[in-house]
Amino acid sequence: MDNLPELRDIHLPSEGVSIFPIAHGWWLVLCAIISLILLIHLIILLRRQSKKLYAKYLLNKFAKDNTLASAVEMSEILRRICLKKYPEAVAYTGKKWTDFLAQKSKKTLSENSVTLLQTAPFRTRDDNTFSEQDIDDLRKFCFSWIGENL
C-alpha cells in the first residue's frame with residue numbers, strides 16, 4: 001500500500017501568529033507583578049505616615065506639660081527629624097537653627113517662639129520667662145513643620 005499520494009502538502013496559515021489572546025498563566029504573572037508594585041508603594045506610604053504619626057504622638061505626649069522642658073523636647077523632636085531628612089541642619093544652633101526651621105515651613109514663628117527655641121536648653125527648669133501661650137505657639141508650629149516636612 002502506497003499512501004504517499006493521499007498526503008496533503010504543508011499549509012502555512014494565511015495570517016501571522018498573534019500574541020493575543022495571552023495564555024492564562026501570563027495574565028496571572030502580570031497580575032502578580034502589578035500587585036507587588038502596588039504593595040511596595042503602599043508599604044512606602046505607610047512608613048512615611050508612621051513617622052509623621054509617631055512624631056505627632058511625641059508632641060501630644062508633651063502637650064499637657066506647658067513648661068520649659070516641653071520646649072526642649074519639641075526642639076529635640078525637630079532635630080531627630082532633621083537627622084534623617086536634613087543632616088546638614090543638625091549642627092545648626094541659635095539663629096541659624098530657627099532660620100532653617102522658618103525657611104522649611106509656611107507657618108511663621110513668633111518672636112517669643114524663636115527665643116524659646118534658641119534658649120530653652122540653656123535655661124533652668126524653674127525659669128518663668130515664657131508664658132504657656134508661647135510654648136503652645138511653639139507646639140502648633142512644630143505640628144505644622146512636621147506635617148510639611150515628613
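How many salt bridges does the count come to? The count comes to 3 salt bridges, in a model that is predicted.

**Stop 1: helix H3.** Select residues 94-103, which make up helix H3, and pick out Lys-95 and Asp-99 within it. The two form a salt bridge, with 3.3 Å between the closest N and O atoms. They sit 4 residues apart, about one turn of the helix. Lys-95 counts as exposed, at 55% relative accessibility, while Asp-99 is partly exposed at 38%.

**Stop 2: helix H5.** Move to residues 132-149, helix H5, and show Asp-136 and Arg-139, 3 residues apart. Their side chains meet in a salt bridge at 3.6 Å, N to O. Arg-139 counts as buried, with 4% relative accessibility; Asp-136 counts as partly exposed, with 24%. Lys-140 is partly exposed at 43%, and its salt bridge with Asp-136 has its closest N and O atoms 3.7 Å apart. Shared partners join Asp-136, Arg-139 and Lys-140 into one network of salt bridges.

**Stop 3: the largest pocket.** Select the lining residues, among them Arg-48, Tyr-54, Ile-77, Lys-84 and Asn-149. The space in this pocket is about 300 Å³. Helices H1 and H2 (68-85) each supply at least two residues of the lining. By class, the lining has 6 nonpolar, 5 charged and 1 polar residues.

**Stop 4: a nonpolar patch.** Finish with Leu-36, in helix H1 (residues 24-61). Together with Leu-39, Ile-40, Leu-42, Ile-43, Ile-44, Leu-45 and Leu-46, Leu-36 makes a nonpolar surface patch of about 720 Å².

Note on methods
Residues numbered from 1 in each chain as written. Predicted model: local features only at pLDDT ≥ 70, side-chain atom pairs only at ≥ 80, totals over all residues. Heavy atoms only, no water. Patch = residues over 30% accessible without salt bridge, like charges linked within 9 Å, V, L, I, M, F, W, Y side chains within 5 Å. Areas by Shrake-Rupley, 256 points an atom, 1.4 Å probe, with all protein chains shown as cover. Salt bridge = Lys/Arg side-chain N within 4 Å of Asp/Glu carboxyl O. 1 Å grid on protein atoms, 1.4 Å probe; cavity = no way out; pocket = protein on both sides within 12 Å on 5 of 7 lines; lining within 4 Å. Points joined across faces, edges and corners; volume = space filled by probe spheres on them. Nonpolar A, V, L, I, M, F, W, Y, C, P; charged D, E, K, R; others polar. Buried < 20%, exposed > 50% of the residue type's maximum accessible area, 1.4 Å probe, protein only.
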